Amino acid sequence: MSSDDDLAGMLRAQVFDVLEWLGDYPAEQVDPAAVAAFRRSNDWLIERAPAGLPLAVGLFNDLIWWLDACPDEDVEEYVAVKLLESVAYELGELPAAQQRRFVEVAAELAGVERHDDRRAALLYLPYGFGLAPEQNEEPEQPGPWAPAPVRPEK
């Protein structure tokens with residue numbers, strides 16, 4: 001198994017774990033309808049997540065962006081922060097080569113992304129997790145989360 005496959009597997013596991021953990025919280029802390037809406041909007045990525053690292057990074061980005069931007073009525077802030085800290089720890093434990101690869105793939109995806117806020121989210125993602133120390137300036141933060149505007153043909 002290649003390093004890219006290992007990294008994609010870890011990212012997929014993080015996404016699925018976070019979505020499962022969200023289901024463990026009471027409805028007054030995490031709105032099940034909001035989680036279901038996120039899942040529905042990303043079902044094509046979730047179904048194809050095993051296809052490779054770029055899809056895994058894209059799905060991971062959308063989950064992090066959604067958690068970071070969703071209103072407290074969807075996911076209470078302390079729950080979102082707790083989950084983001086858990087994910088940050090896992091990313092921080094990756095070998096340096098996998099961290100660099102994660103940053104590269106996020107940048108590649110941002111380079112071809114047409115949706116302004118999704119591009120901003122991809123560029124901010126490594127910075128937000130402390131994986132882009134050479135970056136002197138904080139990248140523009142993305143606006144409110146939005147489902148992927150265009151789904152590929154099935």
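Two residues are in contact when heavy atoms lie within 4.5 Å. The structure is a predicted model, in which local features need pLDDT of at least 70 and side-chain atom pairs count only at pLDDT 80 or more, while totals for chains, interfaces and linings use all residues. Residues are numbered from 1 along each chain as its sequence is written, and side-chain values use heavy atoms, with hydrogens and water left out.

The chain has seven helices and zero strands. Both kinds of element are DSSP runs numbered from the N terminus (helices: H or I, at least four residues; strands: E, at least two). Of the 154 residues, 44% are buried, where buried means under 20% relative accessible area with a 1.4 Å probe, counting protein chains only. Among contacts between residues at least 6 apart in sequence, 71% join residues at least 24 apart.

Q14 lies in helix 1, which spans residues 3–24. Q14 counts as buried because its relative accessibility is 7%. Beyond its neighbours within four places in sequence, Q14 is in contact with F60, S86, V87 and E90.

F60 also belongs to the largest nonpolar core, a set of 41 residues. Such a core consists of buried Ala, Val, Leu, Ile, Met, Phe, Trp, Tyr and Cys residues joined through side-chain atoms within 4.5 Å. L11, L22, F60, W66, L67 and L91 touch the most other members. Helix 4 (53–69) is one of the helices that each supply at least two residues of this core. Helix 4 gives the most, with 10 residues. L11 is in contact with L53, A56, V57, F60, L91 and F102, leaving aside neighbours within four places in sequence.

Conventions: Buried < 20%, exposed > 50% of the residue type's maximum accessible area, 1.4 Å probe, protein only.
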